[in-house]
Amino acid sequence: MALLEVKNLHATVQGREILKGIDLTINPGEVHAIMGPNGSGKSTLASVLAGRENYEVTNGSAIFNGKEILHMSPDERACEGLFLAFQYPVEIPGVSTSYFLKAAVNAIRKYRGEPELDAMDFLKLIKEKMKLLEMDQSFMNRSINEGFSGGEKKRNEIFQMTVLDPKLCILDETDSGLDIDALKIVSQGVNALRNSTRGILLVTHYQRLLNYIVPDFVHVLRDGKIIKSGDKSLALELEARGYGWLENAA
Amino acid sequence: MTQMAQVNNQRSDQARNSPVIGPDYGSRWLADFHQAAAAAFDRIGYPDADDEQWRFINLSPIRKTTFHPAVEPGHVPPQELAKLSLADRGFYELVFVDGMFSPAHSHTGDLADKIELCRFKDAAGKDAQRISPYLGQELSALSNGFAALNSAGFADGLFLNVPAGVAVGRPIHILWLTTRHSRPVVVFPRLSVNACDHAQATVLQTFASLDSDQPVLTNAAVEVVSGRESQLELITVEREASHAFHVTNQAVRVHTGARLQTLTFNSGALLVRNNLHVQLAEPFAQATINGLTISSGHQHVDNHTTLDHARENCPSHELYKSLLAGNAGGVFRGKILVRPDAQKTDSKQTSKTMLLSDDAVMNSQPQLEIYANDVKCTHGSTTGPIDDEQLFYLRSRGVSAVKARSLLTYAFAGDVLNRVLNPVTREFLSELTSDCLHRMHIDAVGS
């Protein structure tokens, strides 16, 4: 069974149609990259799948793990195992990362019918994952993303993803604003999550990220539709020839 | 002696609210004090609707009701008291029932060994001479009808003197509890605190009332003198039931090197008016005054503050935050007065409001009056809804809508709570805030 099956997905924002019929199937263990020029609808697709308000789905379906998710609240989708790493992670002063993350972990465990983690077990879990992303422990007591650099924010996204252990990871322009060292650490974190059951959807403008996280499939989005799909060589071709090449071809 | 004496009142619309005169315990100075205040009320009367200071609060429900003074303390169900008591948290606790001190409900421990506690009605002779200056003097900064009514009508009240150099240690809780009555009642809580030089204390007052179908008017007055190098933390917690009207007039004078810290916490009552007047009377006095309001339904909370910088080199910080849901209304009016002698004043005022419904309304007004030329005064005010992007972020990680809203609203309140100095008090207020917010979000989801 496919992990995610998107069919004929149409979505509008403020009456303007952004997604104009997306078809996309992600099987367990696969890494897909969605590429495309600015304004093609890449981030909209990520947002619609995660359940962000102010987008209206006008047609189509998204079956995740055998369940239609388009009518679910964002928190239900997260509990089902979907994770969106934000392009612009928001700062939340006054809410500590550790308190928030414990609430998230336990909300998901409760949803799955698993016992909630106590403070000790939670601490053990996060210590292990922090090591992986080379993060300082003091970071857990800081407010979510407050005063973080761009790189720290993105690393925090991958760290949360690692802790929450989702079935499908959607990474929205995770490479934007990262220097090469941060990009390596973030990629390392994502690669460590690759396994035979998890799906990963990378939304990116540039091929650069795909040198570090090598995708199984690459799709090109333009004007709300996937106009070409291929393997990783498609990304290299885009890098060499630009998106204009495809527009002419289309 | 009659408990209620009617005083002639020329204004017909006030006839029904003629001043109540406090009971005569045979204390001449106190009887004179009551009488003088009643006469003052006759001159001042209730604030008019066109009075600029009272423009955003509708007093007509108070004026239309005939309130009777609580004659004797009513029944206090132990389980109700248990909900309000802070004795188990390590507070000294002084309980007033319907305006009268109730030793049976109080937990004073060794408090009397550390500080002087005197009921005004018990002060006679030399004590009266010593204590009487602490009654009325500070309050003269707030010359409004409610303050005059309190002075005329209080039946009981406390003078609390923290001797020089004494650090009380455990915080002091003063609970003003109004019980159930078969008709509308008014109570006049009255407190004077004198912190002598180098004294340290935390005083938390709770105003509470038992649920009732009869309205209650709590008209409180608090006067504080903060001596040189003293550290005083004054917390006011308004958590009366939804049938209550509440007015507090609180005036504080701060001396050289003293550090005053206040928090006015509002979650209860239907209509609340807090007047807080802080005078930085000598050089190098400091004041940090904070407010936190959590309102829903048709609650209306009106906070008026004045920071009176009388002398040079005084810093003041003010942070008032409101969380308003339902049809709640809020007012913040913060005046910073910098007198000609108050050079090098450094004053910062901030008012922030989070509106949790489309029908909640906030009115925020800073008011700077500066008569010195070398000063730094800043003020800022923001009012806005909960941040949708923050909400989505939390929910996208699996946190439910109610929990996410609780987290964000609690975070909003957090920096006010973090300013509370006494750890035990801070812990209590954090839990109280959490409870209030949780109830508010559950209500919002349910409706």
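This is a predicted model: local features need pLDDT of at least 70, side-chain atom pairs count only at pLDDT 80 or more; totals for chains, interfaces and linings use all residues.
User: How is the size of an interface expressed, and what area is buried between chain A and chain B?

Analyst: Interface size is often given as the accessible area that is lost when the parts come together. Between chain A and chain B, about 1900 Å² is buried, and carbon and sulfur atoms give 66% of that area. In terms of contacts, 32 residues of chain A meet 16 residues of chain B.

User: Which polar features does the rule find across this interface?

Analyst: There are four salt bridges between chain A and chain B, and ten residue pairs are in polar contact. In one salt bridge, the side chains of Asp75(A) and Arg395(B) meet at 2.8 Å, N to O. On the side of chain A that touches chain B, the largest share comes from H3(A), with six residues.

User: Which residues form an aromatic cluster with Phe86(A)?

Analyst: Phe86(A) forms one cluster with Phe100(A), Phe392(B) and Tyr393(B). The ring of Tyr393(B) also has the charged end of Arg397(B) over it, 4.5 Å from the ring centre.

User: How many aromatic pairs does the whole structure hold, and how are Phe139(A) and Phe148(A) arranged?

Analyst: The search finds 15 aromatic pairs over all chains. Phe139(A) and Phe148(A) make a tilted pair, with 5.5 Å centre to centre and 40° between the planes; both residues are buried. Phe41(B) and Tyr46(B) are edge-to-face, at 5.5 Å centre to centre with 85° between the planes.

User: Are Phe41(B) and Tyr46(B) buried or exposed, and why?

Analyst: Phe41(B) counts as buried because its relative accessible area is 0%, and Tyr46(B) counts as buried because its value is 3%; the cut-off is under 20%.

Notes
Residues are numbered from 1 along each chain as its sequence is written. Chains are lettered from A and ligands numbered from 1 in the order in which they are written. Side-chain values use heavy atoms; hydrogens and water are left out. Rings of Phe, Tyr and Trp (its six-membered ring) pair if their centres lie within 6.5 Å; planes under 30 degrees apart count as stacked, over 60 as edge-to-face and the rest as tilted. Buried means under 20% relative accessible area, exposed over 50%, partly exposed in between (1.4 Å probe, protein chains only). A charge sits over a ring if NZ of Lys or CZ of Arg is within 6 Å of the ring centre and within 35 degrees of the ring normal. Contact means heavy atoms within 4.5 Å. Buried area is the accessible area (1.4 Å probe) that two parts lose on being put together, summed over both. A polar contact is a pair of N or O atoms within 3.5 Å; within protein, one must be able to donate a hydrogen and the other to accept it, and residues adjacent in sequence count only if both atoms are side-chain atoms. Helices (H or I, at least four residues) and strands (E, at least two) are DSSP runs, numbered from the N terminus.
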